[in-house]
Every structure is written in C-alpha cells, then in structure tokens.
Amino acid sequence: PQVSLRPERRPVTVLYCEFTAVENEEADEALGRQDVLWETCSRIVRQFSGYVASTQGGGLLAYFGYPRAQERAARHAVQAALAMTREAAPEVDIQVGVHSGLVIAGTQPDLPDALGRTSKLAARLRTGASANQVVISRQTFDIVAGYFDCASLGLQQISGFSRSLEIFK
C-alpha cells in the first residue's frame with residue numbers, strides 16, 4: 001500500500017560543499033579523485049549524524065536534523081564541514097556553505113527541502129568561501145556561536161537573494 005506523507009515544517013541545517021580539481025589534471029584522474037572525495041565527505045556527514053541527499057556535479061548536499069530532529073544539528077554540520085576541509089586532497093579545493101533554516105519535509109523522503117530555499121542559500125553561501133574554507137549564515141552563527149571561532153565577513157550580496165546577508169567564516 002502507498003504511504004501518504006504529509007508535509008511538515010522542520011528546522012534543519014544544510015551543508016553544501018563543492019570540489020574543484022586543479023585545471024591541468026586529466027579528466028579520468030579528476031573523476032577518480034572526485035569519487036574518493038565524495039566517499040570521504042559522505043562518510044564524514046554520516047559520522048556527524050547527517051543525511052547525504054545528493055552527490056553530483058562536483059558538489060555534495062547534506063542535511064543535519066533530518067530525517068530525525070537533532071538538537072545539535074547546526075554544530076554537527078559545522079564540525080562535518082571543518083572535517084571535510086581538513087581531509088581534502090591537496091590537489092583539490094573545497095568550498096563549504098552551511099545554513100540553518102526551516103524546510104518543508106515529508107512529501108518525498110529523499111528530498112527533505114521541497115521548496116529548496118534553505119538548500120539554495122547553503123549552496124550559494126559556498127561562493128563566499130575561499131579554498132578549503134567554511135562559510136556559515138547568520139542563522140547558523142547564532143546557533144553555534146561559542147562553540148567555534150568565527151569571524152564576520154560582513155554583509156555580502158548572495159546571488160538569487162534580494163538583500164545582502166551577513167556571513168561568517
């Protein structure tokens with residue numbers, strides 16, 4: 001029988017990381033290295049109680065606080081992001097964005113953010129990160145302040161968002 005899933009609003013923290021290989025690397029080598037990175041980063045996400053939603057196009061999208069709510073979801077997401085930057089291969093740059101917010105979950109179990117707004121901001125935040133750096137939103141900073149050393153990068157214009165947002169590294 002079909003299971004009816006009702007949509008529900010829930011707080012989660014979304015991590016999006018993107019890998020960029022050195023430009024002069026052969027395509028086969030870059031693909032192999034990317035597969036290893038996806039595997040490593042997926043393991044790290046699971047180690048910190050996260051859920052890997054997708055690994056494609058040079059990036060990884062993960063949710064913390066899904067499918068089960070977690071009080072420490074934001075802290076776990078930042079810990080995972082920092083672990084990813086430490087374990088990245090020297091030939092690969094990794095940029096990570098982390099954002100905490102509400103999602104509409106439940107309509108499709110493998111897609112926690114039905115509207116995509118929270119995930120979109122996490123993915124766009126990573127563009128403000130330097131190589132091997134983690135950038136977090138103000139919402140995530142408010143939750144994890146005191147657990148991590150963070151520095152404001154000031155107000156930034158994030159593509160796809162009408163107003164500037166304060167981000168932190």
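Where is the place of Asn-132? Asn-132 sits in the loop between H3 and E5, where helices (H or I, at least four residues) and strands (E, at least two) are DSSP runs numbered from the N terminus. This is a predicted model, in which local features need pLDDT of at least 70 and side-chain atom pairs count only at pLDDT 80 or more, while totals for chains, interfaces and linings use all residues. Residues are numbered from 1 along each chain as its sequence is written, and side-chain values use heavy atoms, with hydrogens and water left out.

Asn-132 has a positive phi of about 60 degrees although it is not a glycine. With a relative accessible area of 35%, Asn-132 is partly exposed; buried means under 20% relative accessible area, exposed means over 50%, and partly exposed is in between (1.4 Å probe, protein chains only). Ser-49 also has a positive phi, near 65 degrees, and is not a glycine. Ser-49 belongs to the loop between H1 and strand E2 (50-56), and its 38% relative accessibility makes it partly exposed. A further backbone feature is the peptide bond from Tyr-66 to Pro-67, which is cis, with omega near 5 degrees. Pro-67 is found in the loop between E3 and H2. As background, most residues other than glycine have a negative phi, and most peptide bonds are trans.

The strands come next. Strand E4 (residues 92-105) is largely enclosed by the rest of the structure, because 11 of its 14 residues are buried. Two strands pair if DSSP finds at least two bridges between them. Strand E1 (residues 8-21) and E4 run antiparallel and are joined by 14 bridges; Pro-11 stands opposite Leu-102 in E4. E4 and strand E5 (residues 133-137) run parallel, with four bridges between them. Val-96 has Val-134 in E5 as its bridge partner.

Helix H3 (residues 117-125) has as its buried residues Thr-118, Ser-119, Leu-121, Ala-122 and Leu-125. Seen down the axis of H3, these buried residues fall within an arc of 160 degrees, so they line one face of the helix; the arc is that of the directions from the helix axis to the C-beta atoms. The cover over the buried residues of H3 includes E1, strand E3 (59-64), E4, E5 and strand E7 (165-168).

The nonpolar interior can be described through its cores. A nonpolar core is a set of buried Ala, Val, Leu, Ile, Met, Phe, Trp, Tyr and Cys residues joined through side-chain atoms within 4.5 Å. The largest has 32 residues, and those with the most contacts inside it are Leu-15, Phe-64, Met-84 and Val-98. At least two residues of this core come from each of E1, H1, E3, helix H2 (73-87), E4, E5 and helix H4 (138-144). H2 gives the most to this core, with eight residues. Leaving aside residues up to four places away in sequence, Met-84 touches Leu-15, Cys-17, Cys-41, Ile-44, Val-45, Leu-60 and Ile-94, a contact being heavy atoms within 4.5 Å. A second, separate core of nine residues includes Tyr-66, Val-103, Ala-105 and Ala-122.

Ser-42 lies in helix H1 (residues 27-47) and counts as buried because its relative accessibility is 11%. The side chain of Ser-42 reaches the backbone oxygen of Trp-38 at 2.8 Å. Ser-42 also touches Val-52, Thr-55 and Leu-60, again not counting residues up to four places away in sequence.

The charged residues form four salt bridges, each a side-chain nitrogen of Lys or Arg within 4 Å of a carboxyl oxygen of Asp or Glu. One of them joins Glu-18 and Arg-126, whose closest N and O atoms are 3.1 Å apart. This pair links distant parts of the chain, 108 residues apart: Glu-18 is in strand E1, and Arg-126 is in the loop between H3 and E5. Glu-18 counts as buried at 18% relative accessibility, and Arg-126 counts as buried at 15%.

Arg-138, Asp-142 and Glu-166 are linked in a network of salt bridges. Asp-142 and Arg-138 have their closest N and O atoms 3.2 Å apart; being four residues apart in helix H4, they are separated by about one helical turn. Arg-138 also forms a salt bridge with Glu-166, with the closest N and O atoms 3.0 Å apart. Arg-138 lies in helix H4 and Glu-166 in strand E7, so the pair ties together parts that are 28 residues apart in sequence. Arg-138 is partly exposed, with a relative accessible area of 35%, and Glu-166 is partly exposed, with 26%.

Conventions
A polar contact is a pair of N or O atoms within 3.5 Å; within protein, one must be able to donate a hydrogen and the other to accept it, and residues adjacent in sequence count only if both atoms are side-chain atoms.
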